[in-house]
Amino acid sequence: MRILRFMLPLVLVASASFAVAADAPKKATSIDELAKMFDSTGCKECHPEIYAQWEKSHHARPFMGVAGGMMLTPVVTASAFKVDKPEQATLKTFPCFKCHLPQALRWAEDSVAQELAAALMANPQDKAKVAKLQITCLVCHSERAIVHRLKDGNPEPGVIYGSKEGAHDSTTHPKLKKSVILKQAIFCGQCHGTGPNFEFEYPIQCAVLYGSYQNSYLPGGGQKSCQECHMAKTKEGVPDHLIAPNFDDKEATAALLAKSIHLTVDTLGYQWLRKANTYTPKIVVNTKITHDAGHRIPDG
Amino acid sequence: MVVTAKTKDGKEVGSIEKNYHPQGSTCRDEKMAYGAQNKSSYIRDTSLQPFETKAESLEFILPVDDKGAPTIRTVDVTVELIYEIQNPDNKFTITKVTREVTLDR
């Protein structure tokens, strides 16, 4: 009896631990698992225009670079973060995940990094596998929808964060909640950079659009958000989820840049006189370039 | 930006290139670097900034004969604004302006 009384509390504690472990969300151990966790193909049925715009965007291919380039190859093979074998890869050897695959930071095990390293180091590279890793609807409208987590907590499962509150016609995400940052530049600033990332063992610096926005555009008197320019409503009446430019579409990118960059040219032909009877004939070309963007050009 | 002056029969008198972009480095040596995994900070920034005018005044000196008289008096000047993506071979023109410029009045 005495032994049983002594053992009972231990058994109860163990059961409680298992209960907690069973309820805790499980991290993805493979690329397929991570892709499935954030699969947003279900959004297409009710939001076809937005989905079609997103499919052409760089958010749909964050690791494919421009023209299908495998931008992570030099990271894993030649940089300070390189590994000799895929098995040595971890989430820490892919600092790029911070912005290019933010969902991995909370929801992926190191085995996802190992599988990605293997795909990059293979010959030929497994592009199809790398392409599965995307910044999907659920990344922006759930995982990254809250920045003030000390006040608002983490994004809740089953909730889509947007501009409205209420019911959502979805079996997997039946609730809508408002994200206070969704239409503000800080939302984009989570990934589009302010400067060197000193939190890594080797500081890296990718795009710093948000830094340029804060430190040049705002002090110059600018007041628009990223979304106002890059997600204006399309003719279908929805915010443009292409979030231009799409650098693979050179024609559209050239048109966008031509619309926002302004060049004036003035010319003069004359003969300069340095000293008596010594003329130097010159053609002078004066150029002035201005633009309407809310950040430096180029940047990303 | 590439500014070129050519004679009427297409002979190049001169060409000047100006590059506008932020320039990053590992900050471990004096060299510029590409790739986020290599760049630790910018060390120079010639890119087009919000609310700023990027102004250039470029000159082409025309050739003269042994008496100091110009042998070319009229050129076609082309100013081409080009966007390069990742490497100089992947580029497209944003805008292009051509003017005839002459010493003659």
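Which domains does the domain assignment of chain A give?

## Domains and basis of the model

The assignment divides chain A into domain 1 (27–250) and domain 2 (262–291); such bounds come from an automatic or database domain assignment. Taken over C-alpha atoms, the centres of domain 1 and domain 2 of chain A are 48 Å apart.

This is a predicted model, in which local features need pLDDT of at least 70, side-chain atom pairs count only at pLDDT 80 or more, and totals for chains, interfaces and linings use all residues. Residues are numbered from 1 along each chain as its sequence is written, while chains are lettered from A and ligands numbered from 1 in the order in which they are written.

## Nonpolar core of chain A

The largest nonpolar core has 33 residues, among which L72(A), V112(A), L116(A) and L120(A) touch the most other members. Such a core is a set of buried Ala, Val, Leu, Ile, Met, Phe, Trp, Tyr and Cys residues joined through C-beta atoms within 7 Å; a residue is buried if 20 or more other C-beta atoms lie within 10 Å of its own, exposed if 12 or fewer, and partly exposed in between, with C-beta atoms placed from the backbone. Helix α7(A) gives the most to this core, with six residues.

Apart from neighbours within four places in sequence, L120(A) is in contact (C-beta atoms, placed from the backbone, within 7 Å) with M70(A), L72(A), T73(A), V76(A), Q125(A) and V130(A).

## Strand β3 of chain A

L176(A) lies in strand β3 (residues 175–178) of chain A; helices (H or I, at least four residues) and strands (E, at least two) are DSSP runs, numbered from the N terminus. L176(A) counts as partly exposed because it has 18 C-beta neighbours inside 10 Å. Beyond residues up to four places away in sequence, the contacts of L176(A) include I160(A), G162(A) and H168(A).

## Contact between the chains

Chain B contributes 47 residues to the contact and chain A contributes 49 residues. The side of chain B that touches chain A comprises 26 nonpolar, 16 polar and five charged residues. Here Ala, Val, Leu, Ile, Met, Phe, Trp, Tyr, Cys and Pro count as nonpolar, Asp, Glu, Lys and Arg as charged, and the others, Gly among them, as polar.

Strand β5 (residues 278–291) of chain A pairs with β6(B) in the antiparallel sense over eight bridges; pairing requires that DSSP finds at least two bridges between two strands. Within this pairing, N286(A) stands opposite S57(B) in β6(B).

## Open sheet of chain B

In chain B, three strands form an open antiparallel sheet in the order β4-β3-β5. Its edge strands, β4 (32–33) and β5 (41–45), each pair on one side only. Four bridges join β3(B) to β5(B), and S25(B) stands opposite S41(B) in β5(B).

How values were computed: Contact = placed C-beta atoms within 7 Å.
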